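Biologist: Could we go through this model together, one part at a time?
Modeller: Gladly, and here is the view to keep beside us.

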2 protein chains.
Amino acid sequence: MPVTEDTRSGGTSAADDANGTPEAPWLSAEEQGAWRTFLYGVNLLMENISAALEQDPRFDLSLDEYEILVRLSEAPGGRIRMSSLADQVVHSRSRLTHTVARLEKRGILERVRCTGDGRGREAVLTDEGMALLREAAPVHVASVRSHLVDAVGTQGLLELGQIMGRTIPEDAPVTRGTVTSDVKD
Amino acid sequence: MPVTEDTRSGGTSAADDANGTPEAPWLSAEEQGAWRTFLYGVNLLMENISAALEQDPRFDLSLDEYEILVRLSEAPGGRIRMSSLADQVVHSRSRLTHTVARLEKRGILERVRCTGDGRGREAVLTDEGMALLREAAPVHVASVRSHLVDAVGTQGLLELGQIMGRTIPEDAPVTRGTVTSDVKD
DNA sequence: AGCTTGTGCTTGAAAGGTAAACTATGACGC
DNA sequence: GCGTCATAGTTTACCTTTCAAGCACAAGCT
């Protein structure tokens, strides 16, 4: 006896009837199925893509750590302020502090004071970090290809980016720039 | 100086030139942007949707725990074998053991021996668990609506499901059934 | 029966993540 | 310049996940 199932036939899931309660606007069976598939697919995809990077003994980088390196490598001067970096990779500040501390211990990046604002810190990619990233990048890209692009095609990937882009608020950090150029909707 | 950027103009990212090395078939700028947006969007979305459930003091359920309850509630007899459940929610066996142990301690489910195979265990949803799920479901659905469906529309959601479905292998557990019924591609 | 191998799940320690308190700096009012 | 408040990061304690054994039952062999 499913809990999250809508009984209304195919419908557009309108706001609920006019009694007082803020009644649950359930998802239609179709929506529900799509959401489940999406969630399962994303979980599996992330699992696979993380694994590709982690299992390679040359790196010892999680996908999250890799993302940090990528962001840094693309930033001017290879440096980004901690809080901004945290937002970009969607981590709590605390989590970023821990992760960056580990990476710093490995010599992959450094932390320096912000000039002009003594409170802030910037993470700066070291040459070793850059070298590691250069080694890891092809492996990562290959796994994105094999697990995602090969399955859904370039068009599918562009659509995924296009649609997910619509969930991202206007004032979100970075990313939105390169979203879509000439995808015909 | 970006590491993961393709220099070839707009291109279709063909397999590489004929020298020996398994050269990295980079992503085009478009693909790259889409992947980034997708990744960022998914991270943010999961963050938001988890938070909605976790912040409600009535439940104290992570999204992963919630997913476990949903799967159980939909299974015949409210029971699923541990390994199958692990696959369905994309957790390691160890992780599922720990999580289920915690849920069991809270009286939300029970673990019983499989009849016929003494090695296996089944997780069984208790009445309390079912009650909790019934309470939590509307909250979860509401957050999926507000963070995803309201942003991308029903059509967008169906497309997400459709496309992500293509990344899921044939022999994957469950989910694939309800993927799409009459989405025109 | 008695081994050996395989499978299903659990355990326990270490690594990683979360949440709340804490430190250090800057900003503002007076 | 001094008190208050806000902001940026870090620290600490606790909880969760991972990783590498480990235990229990099943299955096959001889």
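Biologist: Which strands does helix α4 of chain A lie across?
Modeller: Helix α4 (residues 93–105) of chain A lies across β2 and β3 of chain A, and it runs at about 120° to β2(A). Here helices (H or I, at least four residues) and strands (E, at least two) are DSSP runs numbered from the N terminus, contact means C-beta atoms, placed from the backbone, within 7 Å, and angles run from 0 to 180 degrees between N-to-C directions of axes fitted to C-alpha atoms, for helices over the stretch in contact. Please keep in mind that this is a predicted model, in which local features need pLDDT of at least 70 and side-chain atom pairs count only at pLDDT 80 or more, while totals for chains, interfaces and linings use all residues. Residues are numbered from 1 along each chain as its sequence is written, and chains are lettered from A and ligands numbered from 1 in the order in which they are written.

Biologist: In what order do the strands of the sheet come?
Modeller: The open sheet in chain A has three strands in the order β1-β3-β2, with antiparallel pairing, where a pair needs at least two bridges found by DSSP. Its edge strands, β1 (79–81) and β2 (109–114) of chain A, each pair on one side only.

Biologist: And how many bridges join β1(A) to β3?
Modeller: Three bridges join β1(A) to β3 (residues 117–125) of chain A, and A:Arg81 stands opposite A:Glu122 in β3(A).

Biologist: Changing topic, how many residues does each chain give to the contact?
Modeller: Chain A gives 59 residues and chain B gives 59 residues, and on the side of chain A the largest share, 23 residues, comes from α5(A).

Note on methods: Two residues are in contact if their C-beta atoms, placed from the backbone, lie within 7 Å.
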